[in-house]
Each structure stands twice: as structure tokens, then as C-alpha cells.
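Here is a short tour of a protein fold, written for someone who likes to check geometry directly. Have the viewer open and follow along.

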Amino acid sequence: MAPVPKMMKAIQIEKTGGTEVLQYKDVLVPTPKENELLIKNEFIGVNYIDTYFRTGLYPNPKPMILGREASGTVAALGSQVPQSLGFSNGDRVVYMAVSAYAEYTTCPAEKVMKIPDDITSADACAAFLQGLTALTLVEETHKVQSGDWVLVLAATGGVGGWLCQILRAKGAKTIGTVGSEGKVDIAKEQGADVVVVDREGQGDVLKTASILDLYYSTNRAA
């Protein structure tokens, strides 16, 4: 691998606001602490939570480099990274940590995962945060069982799309909402059994009575 440079490019903010506060700057490459990896980022996730820090909805010390997930390759290991984790320079990895909008990011080794050979770095980054969020909802928030009916709002969104696929794999039945007719087929391809178009002006959440009517009519049709 090429030697790690002293400086790198990063997207940093010094104050809260709109996209105008984003600064593309030269900053020092971070040095990994004892239990951290230095990762050269290849793909960086862009998520809603990034806007929460940018606007100040989530307070955070400034200046700060935005970004919460990325995939790339291990560029350096801290002195106390356990050998049992099996990391080496050049390993393809994916992680969730702070300061991902940069060429290099340090991350605690226990929050980093190696990417299997049959998964691209792009797919690993695209799936990591949203996929783990979806798994948390169906395994920890509520343990979904085969045959359960689940309502998924924004079924063609990042987390919504993962939920539809995971719920189908678990044998659950999914009612998905979408914002337009053009997204109906996409939601069905993702795994939604029933798709409802939540048209503009109807509100973000469908009325419980309407969902129950849909549930019972679907069961009768089955």
C-alpha cells in the first residue's frame, strides 16, 4: 500500500446551518489510538443523521467532520488492536463511526467488519447502517415471527426497502406505504405484499381504521 500522507481532504463544518456551511478542506490525517484502525475510505454513506448534526438539531462540538459510515481499506493499526480480530493492512472493511466525510477515518476496531469477498465495497457501505437499523427493528424492537403483519412506512426508502426484504425472508406479511404510483411496483419487488399510495395531503401516517380494513380485506381475499 502507498504510505499514509500527512494531510487529507475532508468535509468539515465550523457552524450550523444549511449546505452553505459545508467546507471542503485540507486537514491532518488522524492517528489511530491503541485500539483503533485507520481506514482509507472508498465509499462514504450519506444519511439523514448527517443533516441533523449540520443543522444543529443534534448539538456537537465544532469544528467537526460529518459522516457516520463508510467502507474502504485498513491503512494502519493501533498498537493494541487484538490479533484475534484478524485485521491487517489492506483488508477491505466497513464501519460506523464519526468523521467519515474524509479520505481517512479512525475507528475503534470492534466497530469495524471485514467485507466478504463476494460483496463489493459499494454494496457494503450502502447496506451497513440502514441494514442494521432494519434488523434492529425486526429483531430487538419487536421480534417479528412468520405470519405477522407489519406496516412499513416509506417502503421504497433506504430502511423501508431493507425492512420489506427482511420481513419477506422471515415469512411475515408487509403492508408498505409509498408516496406515488410510480413506486408501487418497486415496493412489491422489495417484498411488500400490499402497497398503499399515501398521496400528498393525506398525512404521513395512515389512519388505523384504514389499515385494519385493508388487513381484514386482504385476509379474506387470501
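## Cysteines

This is a predicted model, and a search through the whole of it turns up zero disulfides. As background, a disulfide is a covalent bond between the sulfur atoms of two cysteines. Are cysteine 107 and cysteine 125 buried or exposed? With 0% relative accessibility, cysteine 107 is buried, because the cut-off for that class is under 20%. Cysteine 125 is buried as well, at a relative accessible area of 4%.

## The five-stranded sheet

Five strands form an open sheet in the order β7-β3-β5-β6-β8, and their pairing is antiparallel. At the edges are β7 (104–108) and β8 (112–114), each of which pairs on one side only. On average, neighbouring strands in this sheet are turned by 45 degrees against each other, with direction ignored.

For a closer look at one pairing, take strand β3, residues 36–44: five bridges join this strand to β7, and the two run antiparallel. Leucine 37 is the residue that stands opposite cysteine 107 in β7. Helix α2, which spans residues 121–141, packs on the sheet and touches β3, β5 (69–77), β6 (92–96) and β8. The direction of α2 makes about 25 degrees with that of β6.

## Strand β1 and its two partners

Elsewhere in the model, strand β1 (residues 7–13) pairs with strand β2 (residues 23–28) in the antiparallel sense, over six bridges. Within that pairing, glutamine 12 stands opposite glutamine 23 in β2.

Strand β4, made up of residues 64–65, is also joined to β1, here by two bridges and again running antiparallel. If you want a residue pair to click on, isoleucine 13 stands opposite methionine 64 in β4.

## Helix α1 and what covers it

Which residues of helix α1 (residues 48–55) are buried? They are Asp50, Phe53 and Arg54. These residues lie on the same side of α1, because the arc they cover around the axis is only 100 degrees.

After the helix comes glycine 56, with a positive phi near 95 degrees.

## An aromatic cluster

Two aromatic pairs are counted in the model. Phenylalanine 53 and tyrosine 58 have ring centres 5.5 Å apart and planes at 85 degrees, so this pair is edge-to-face. Ring pairs link Tyr52, Phe53 and Tyr58 into a cluster.

One last stop is glutamate 181, found in the loop between β10 (173–178) and α4 (184–190). What does glutamate 181 contact once its neighbours within four places in sequence are left aside? The contacts are with Val197 and Arg199. Valine 197 is 16 residues away from glutamate 181 along the chain, and their C-alpha atoms are separated by 6.4 Å.

Key. Residues numbered from 1 in each chain as written. Predicted model: local features only at pLDDT ≥ 70, side-chain atom pairs only at ≥ 80, totals over all residues. Heavy atoms only, no water. Disulfide = S-S within 2.5 Å. Buried < 20%, exposed > 50% of the residue type's maximum accessible area, 1.4 Å probe, protein only. Pairing = 2+ DSSP bridges. Helix = DSSP H or I, 4+ residues; strand = E, 2+ residues; numbered from the N terminus. Axes fitted to C-alpha atoms, helices over the stretch in contact; angles between N-to-C directions. Contact = heavy atoms within 4.5 Å. Phe/Tyr/Trp six-rings, centres within 6.5 Å; stacked < 30°, edge-to-face > 60°. Arc of directions from axis to C-beta.
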